[in-house]
Structure formats: structure tokens, C-alpha cells
Amino acid sequence: MVIPYLCHMNKIQKNLCVFIHYCKYFYIPRYVKIYVDEISKYFDQVILVTNDRPVEEDIAFNNTKISTLFVKNEGYDLGMIYKVFRTIDISEYSQIACINDSNILFDQLLPIFNWSKTQQTDFWGVIDSNLKPWFSTHQNNYHIQSHFIVFNNKALLKLPAFFDSLNIQDILREKDPVKLRQTVIDKWEIGLSQFLIKEGLSCASFIDSYSYSQLYLSGKQTNVGLKLYPELIRSGYPLIKMKIITKGKLKDIFRSKSHWKNLIRHYGNETWEIELLIEELIQIRNDYGNQLFIKIRRKFLSIISYLKRRN
């Protein structure tokens, strides 16, 4: 009887991170390697699930904890995570994290995972939200943002029922990108947290978005990861949204200390070759990003430089 009991103990102690990545390049970007390598310190197993394409390198990064699953690009994050869950037995895990590549990690995750050890919750994440999109079907829109969400044992047991509650095949077949995005936000981003909360499960977030909106925006609800990213980073948040880099807004032209490059340089981990990371992000921005904004910012900086020379 002793050996089966020990096997059971080993089984329930195993944890998994599913890292969701979409890329048009035939390689794994540096920012993804950094994130996945760092996250592997906190999980027994990491599955990098990404869109099916030829990749020119070994994406395990010489890390035996990491494996890769290439899938057809359907259903955004929801489709990718669903396909992973079809390949695993969730009863083998006491914890599963779902993390995506919509953020750039520039410093260690240790403070977040140290915080998580103090929480007696069924699921948790790095940041929450109360925002209600116009297309939401929920009365209560509170949710843990799905770019970094961790399910503990009780939440894991509810996930099969959650997937069963969706018309998942219709979601995978949806070709209209606008409708698909709205559906995934409604059913996955918000719907998952609401499903688990209605099942009586508890949750927590490392960043309380309500507190930040009270402190900096007089309580106005917003996506603090986008609107208050300098304040978040200065308080110890080690992530910045890729959208900030690729789709900058005009007001970012007038940022100096708060500009994303300066924030990453100042708060980034010195051992991670931050300048190489910034260089890659600039290339991605120029390829994916808001070209009009980029031209305007360059023009603004050239004017500032000219005025400084005259003075």
C-alpha cells in the first residue's frame, strides 16, 4: 500500500504551464525565450503551444522541462489551450498555468510567485479587471486577465465542465476575426473567471486594478496594464504589454522617463542582455506596429534634437 500512496503524492504535486505563442516568423523570438525560460523555474513542465509553421531552431532552449506543440491557428488563445487540454490528463496535475505572449517579461517572476504562496485561493493571476466590453453577455464582468492565470486543484476539476459549456467547435470554425475576438473575450477572458466564481471558487490577483484606478484615475475603470503601465512597472510589475510597443499613441511621444525603452532599461534584469531585447522589440514594432505613430515620433525627436543644438 505504501508505493501506490507515494505515486499518488508525486502525481498530485506535478504542475504545468501552458505558454501560448503566435508568430509569423520562422523562429522563436528572444522575448518569448526569456519568458518561457523564466517561467520554467516555477513549473515541472512547460508546453509551448504555437501556430503550425517551420521553425529553424531547437525551441526547447536546452531545457528538458520545455516541449512544443504546433497547432492550427484557430480560436486564438481559447483554441490553443483547448487543443493542449485534449492532449493531457488534468488529473495528473495539482496546478496548471495558462500564460500568453502578449506581454514582454523584463525581470524575474519571483515576487509574483512568492506572493502566490501567501494566497489560499483556487485560481489567481497577475492582474484583474472589471471592464465591461459593449459585447459582454455577463452582468458581473470581474475577471483575472487571461494572459497570466493559474488554476489550482479545485479550479482544475471545473475546467472540463467549463469547456463543455462552450460551443467550442463553432468558435474554432469562426473566420471573422472581429467576431472571433469578441467571442473569445466574452467566453474565455471574462467567462472563465465568472464560471469559476459562480461555482463558489476563490481568486486573487497580484495587481489589484481597482486600487490603481482609485489611486491614479479617481476610480475610473480602465485596462491598467495599458493605461498605467509606467506606474505598474515602478511598483515592481515585471511585464509590459506588447501592444504598447507596437501600437503606441500620440501621448507617448511626450514621454521620456516613461517611454517603454527607458522603463525596460531602468527596471530590466541586468543579466538578461536587455539591449538585445529592446533591439528585437524595435524590429517587431517596425514590422507590426503603427507606422504613422513611428514617423510622428521620429519627427518629434528630430525637432527636439534640433532645438537642443540651437541652444
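**Exercise 1.** Classify L131 in this predicted model: is L131 buried, partly exposed or exposed?

*Solution.* Start with the number: the relative accessible area of L131 is 29%. Next, recall the cut-offs: buried means under 20% and exposed means over 50%. L131 is therefore partly exposed, because 29% lies in between.

**Exercise 2.** Place L131 in the fold and find which residues L131 is in contact with, leaving aside neighbours within four places in sequence.

*Solution.* First, locate the residue: L131 sits in the loop that runs between β6 (123–129) and β7 (143–144). Then list its partners, which are N141, H143, I190, Q221, T222 and N223. Finally, check a C-alpha distance: K220 is 89 residues away along the chain, and its C-alpha atom is 10.0 Å from that of L131.

**Exercise 3.** Work out how many residues of helix α2 (residues 30–39) are buried, and which ones.

*Solution.* Count first: seven of the 10 residues are buried, so the helix is mostly covered. Now name them: Y31, V32, I34, Y35, V36, E38 and I39.

**Exercise 4.** Describe the second largest pocket: what is its volume, and how does its lining divide?

*Solution.* Begin with the space, about 240 Å³.

Notes: Residues are numbered from 1 along each chain as its sequence is written. This is a predicted model: local features need pLDDT of at least 70, side-chain atom pairs count only at pLDDT 80 or more; totals for chains, interfaces and linings use all residues. Side-chain values use heavy atoms; hydrogens and water are left out. On a 1 Å grid over the protein atoms alone, a cavity is a set of points where a 1.4 Å probe fits but cannot get out, and a pocket is an open set with protein on both sides within 12 Å along at least five of seven lines; lining residues have an atom within 4 Å of a point. Grid points are joined across faces, edges and corners, and a volume is the space filled by probe spheres set on the points. Buried means under 20% relative accessible area, exposed over 50%, partly exposed in between (1.4 Å probe, protein chains only). Helices (H or I, at least four residues) and strands (E, at least two) are DSSP runs, numbered from the N terminus. Contact means heavy atoms within 4.5 Å.
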